[in-house]
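My entries follow the order in which I checked them.

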Amino acid sequence: MRIEPDLRARSLAVLSGRPPLEKVVTLNEKARQSGVEIGATKSQLEAWENLVFRARSESQEISAHAALLDCAQSFSPEIEDTSTGTVLLNLAGLEPLLGPLSKITCNLAQRATEIGFEANIAVAANPDAALLAAHGFPGVTLIPEAEEAKRLGDLPVDVLLESFSSDIAEAARWSETFDRWGIRKLRALAALPEVPVSERLGQQGLYLQKLARGGVLRNLQVLEPRQIFAESVELESPIVLLEPLAFLLNRMLEQVCTQLRSRALAVQELRLNLELATTQSNSCSMYTRTLRLPTPMLDVKVFLKLFQLDLQAHPPGAPVVKMHLSAEPARPRVLQSGLFQPVFPEPEKLELTLARIAGIVGEDRAGSVELLNTHREGAFAVQHFAPLEPASVEAKRKQSVNPKQKDMSLPVEDGACTLKEKLEENAKEKMSAVIALRIFRPPLSASVTLCEAKPVHMRCLQPDIAGDIVWTAGPWRSSGDWSEQEGWSREEWDIAIAAGDRLALYRLVQDKLGGNWFVEGMYD
């Protein structure tokens, strides 16, 4: 019912076993009122109208029980994992913090409703009395101390046997014995004398009588807390389209986020595992998609849209028969904005915008640039964008290394004409000033004429850059990554070309492996 809330208004029976021998293992109150009994086969119930059947799913039961434990841990640090669907928690000492017991139980019931449960809650002085009252009374029940026998007396004996007997056959024998004795209510069992009960029913019968009186005292078997936030769904029929898959995914995201919100946590990473139906073209039965968020978030709509965009770009390729969603928790990010600081976009909207851009241009073309650990010019990789905190940005700025300074000494040829000397002197003065290199992306292909291993003439078609080289500086040679498949070796020159009454300065590069020349940039 947590995955399909609409079933709460209908008669529901859960089946277990192999067809056609499926039997009812549990049912809701509406089905019980219509006459459906546990143990009935599916064929026996075909005459019932408006009765909905669902197959038993162990993964959904585990997810639901984990959510129930997390709900209890959000109120008390001492809880006991009693059985599937049943949790005991110690409320002693919590009244100064959470208010009176009536308020605590109402808040607990509201929290259980938020995560998809219709819980029966009972408060008593000892654990077993509270457990018995929760199984027997609907809603919220408060039993004052020393009034356990009085309040539990109206419950039928079957509630006691269902609550504390793990063996169905043994429960049936006890029920038959009490029926022969004429004991229908717990009040009648509690009123029997202890000695005859011990003589005829033994220690087990005496223990059941103490439970009926609400007089068994024990300590809770405290469960160690586990930070597990996950939901699972087994589908009745395989899902092919994205729309019904997103409908179920939205429900699972709501449940996970509700659990995290109750623990004051946010989501750092979401992992979706899809079990696929086996087909001729698909041999892998599992398909996994992971959303690694740049900052902790807790927005169901954003998560759903991110998964939709991701699944549109990377479809499973086969019908989905089972879904499992898990979340990695993290402390939510808290930022204090300043009056004079620029307003940054919200992380949720920014992540959604980046996902949409990546869906259009490709995942490897949207993100933040990260320099690679190499001396190769312009080597970088595009990483998923994750904004840095101001402190991290300042630390990286302090650790940054100044760019390399090149030796700009200019050789002068003997016997050069006066005009050539003046041009070289102007080039020296221009290069000695603080200038910037305007990088051409991509580099411009060029044709270069050499004289004594130095470039003396260059022609570049697009744009039209051509002329004699009146000044050169270099070469600066570098190479690397020889152990990799893509080794590189390059030779750089700074050159000056006369353009009318002025000089144009360029960065000229030769790929030593391919022998090609490129104009990499222009000095402003």
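The entries below start with the model itself and end with its cores.

I note that this is a predicted model, where local features need pLDDT of at least 70, side-chain atom pairs count only at pLDDT 80 or more, and totals for chains, interfaces and linings use all residues. Residues are numbered from 1 along each chain as its sequence is written, and side-chain values use heavy atoms, with hydrogens and water left out.

I looked up His135 and found it in helix α5, residues 127-136 (helices are DSSP runs of H or I, at least four residues, and strands are runs of E, at least two, numbered from the N terminus). His135 is partly exposed, because its relative accessible area is 38% (buried is under 20%, exposed over 50%, partly exposed in between, with a 1.4 Å probe and protein chains only). Beyond four places in sequence, His135 is in contact with Thr86, Val159 and Ser163 (contact: heavy atoms within 4.5 Å).

I then checked α8 (residues 168-180) against α10 (residues 194-213): they pack at about 85°, axes 13 Å apart (axes are lines fitted to C-alpha atoms over the stretch in contact; angles run from 0 to 180 degrees between N-to-C directions). Glu170, Trp174, Thr177 and Phe178 in α8 meet Leu201, Gln204, Gly205 and Leu208 in α10.

Last, I looked at the largest nonpolar core, which has 37 residues (a set of buried Ala, Val, Leu, Ile, Met, Phe, Trp, Tyr and Cys residues joined through side-chain atoms within 4.5 Å). Helix α11 gives the most to this core, nine residues. Another core, of 26 residues, lies apart from it and includes Leu155 and Phe178.
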